[in-house]
Amino acid sequence: SVLRTSPYQSHLQIMVGDVLKTELPFFNICVANIPYQISSPLVFKLLLHRPFFRCAVLMFQREFAQRLVAKPGDKLYCRLSINTQLLARVDLLMKVGKNNFRPPPKVESSVVRIEPINPPPPINFTEWDGLTRIAFIRKNKTLSAVFKQSVVLSSLEKNYRIHCSINNQEVPSDFDIKKYVDDILVGCGFADKRARTMDIDDFLVVLHGFNASGIHFAGS
């Protein structure tokens, strides 16, 4: 075959398997036309991969690509947008029409370049992801309203009590998680803000406010 006679044969390693379940080796550049149903998990597998790679050029369904680069206030701005942009610089390179394929698919596509930010921001991504997961449940509602949901409060109270137990802190008998959380949001100045308009710096302020008060999101 052409590969066997190529002088670069010794540099080629073919790995067969599910990319989401495979431990990736060191690589510098990733170029791929991927199955669109694995777009989100693959993006974050790549962004959390160590050591850092230099650049990935990937083709996605166009709406997914637009979500990757969406900014606060944009219709498509979502948790995917802010989580990706926390960890990488993302650019739309080109549109690829469905008529470029045979048979043509039902969706349009776009090619995206992703460059990891190295070094990454000094935050716990699990904590960050837990916060944005809650905030974007209803991105058009205020944070105060979103954080009043019983399932959210129950999870945060559980995490808070674990934090207090680990740090030998007593939880007051009249502790009210709903008021405690709302006081944190008011103190940060974000109780009346909506996730759809908040940028990375805004969420960093909110995350610090919660963590400094003993509220954590890992496992939320």
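Analyst: A residue is termed buried when its relative accessible area is under 20%, exposed when it is over 50%, and partly exposed in between, using a 1.4 Å probe and protein chains only. The model is predicted, so local features need pLDDT of at least 70 and side-chain atom pairs count only at pLDDT 80 or more, whereas totals for chains, interfaces and linings use all residues. Residues are numbered from 1 along each chain as its sequence is written, and side-chain values use heavy atoms, with hydrogens and water left out.

User: Why is serine 144 counted as buried?

Analyst: Serine 144 has a relative accessibility of 11%. The limit for buried is under 20%, and serine 144 therefore counts as buried. This residue lies in helix H6 (residues 143-146), where helices are DSSP runs of H or I with at least four residues, strands are runs of E with at least two, and both are numbered from the N terminus.

User: What makes the pairing of serine 144 and lysine 148 a polar contact?

Analyst: Their side chains are joined at 2.7 Å. A polar contact requires a pair of N or O atoms within 3.5 Å; within protein, one must be able to donate a hydrogen and the other to accept it, and residues adjacent in sequence count only if both atoms are side-chain atoms. The value of 2.7 Å meets the distance limit, so the pair qualifies.

User: Which residues is serine 144 in contact with, leaving aside its neighbours within four places in sequence?

Analyst: They are Asp182, Leu185 and Ala191, contact being heavy atoms within 4.5 Å.

User: How do you know that arginine 133 and aspartate 129 meet in a salt bridge?

Analyst: The N to O distance is 3.0 Å. Aspartate 129 is buried at 14%, while arginine 133 is partly exposed at 42%.

User: What makes arginine 89 and glutamate 115 a salt bridge?

Analyst: The N to O distance of 3.9 Å is within the cut-off of 4 Å, so the pair counts. The pair links distant parts of the chain, with arginine 89 in strand S3 (residues 88-96) and glutamate 115 in strand S4 (residues 109-116), 26 residues apart. Glutamate 115 also meets arginine 113 in a salt bridge, at 3.2 Å.

Key:
Salt bridge = Lys/Arg side-chain N within 4 Å of Asp/Glu carboxyl O.
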